[in-house]
Amino acid sequence: MASHPDPAASSKNDAFHPDLPDRDSSLPLRARLHHIRGDALDDGTAQTGGMRRFAAISGSSVGSERIWMGQTHVAPETASSNHHHGASETAIHVVKGHPEFVFLDDSTGSPEEIRLRTAPGDYIFVPPYVPHREENPSPDEEAVVVIARSTQEAIVVNLPELYVLDEEPPTEK
């Protein structure tokens, strides 16, 4: 009869998962959980004028392969530059302030600027390749949002103006 290790006999292993490797910070990034403190976010990520992005979860920081997550801060009475996020889907959760998300809608045949006004607790979804910008109309409160993207790094393509895509974005292989 095979013997099973006694989970309580070793302080190196998790009592519920005794067959996992010893907890060791030299493990590959994808073989362990990561704790990123709120005061340890990385500002060395793709940026757009008028806002500051801070990475928490990325391919370079934790070894993620299909997600990027972080925060964006927009100062009072400030608008970001126009931009899109390439093939990345973007989900936004408003934490502080009342940021506005602006894009052009061409569904009627004539481009019309659409402004989504938000409040803390709201969510926004930005599809791939959709040009947009964030604005913070507040005279005294910074807007802060948490962002999750479907790519391991923050893709940002800055644009000179908002426009509606004339054709389908390139197909990725």
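Is Arg115 buried, partly exposed or exposed? In this predicted model, Arg115 is partly exposed, with a relative accessible area of 25%.

Five strands make up an open sheet. Their order is E1-E2-E10-E5-E8, and the pairing is antiparallel. Strand E1 (52-57) and strand E8 (123-126) form the edges, each pairing on one side only. From one strand to the next, the twist averages 25 degrees. Within the sheet, strand E5 (residues 90-96) runs antiparallel to strand E10 (residues 143-149). Six bridges join strands E5 and E10. Among the bridge partners are Lys96 and, in E10, Val144. In general, strands of a sheet pair through backbone hydrogen bonds, either parallel or antiparallel.

Salt bridges were then searched for across the whole structure, and eight were found. One of them joins the side chains of Glu113 and Arg133, at 3.3 Å from N to O. Glu113 belongs to strand E7 (residues 112-117) and Arg133 to strand E9 (residues 133-136), so this pair ties together parts that are 20 residues apart in sequence. The two partners can be described by their accessibility. Glu113 has 41% relative accessibility and therefore counts as partly exposed. Arg133 has a relative accessible area of 14% and is buried, because the cut-off for buried is under 20%.

A salt bridge also forms between Glu135 and Arg115. Here the closest N and O atoms are 2.4 Å apart. The pair links distant parts of the chain, with Glu135 in strand E9 and Arg115 in strand E7, 20 residues apart. Glu135 has a relative accessible area of 15% and is buried.

Salt bridges with shared partners join six residues into one network: Glu100, Glu113, Arg115, Arg117, Arg133 and Glu135.

Terms used:
Residues numbered from 1 in each chain as written. Predicted model: local features only at pLDDT ≥ 70, side-chain atom pairs only at ≥ 80, totals over all residues. Heavy atoms only, no water. Pairing = 2+ DSSP bridges. Helix = DSSP H or I, 4+ residues; strand = E, 2+ residues; numbered from the N terminus. Axes fitted to C-alpha atoms, helices over the stretch in contact; angles between N-to-C directions. Salt bridge = Lys/Arg side-chain N within 4 Å of Asp/Glu carboxyl O. Buried < 20%, exposed > 50% of the residue type's maximum accessible area, 1.4 Å probe, protein only.
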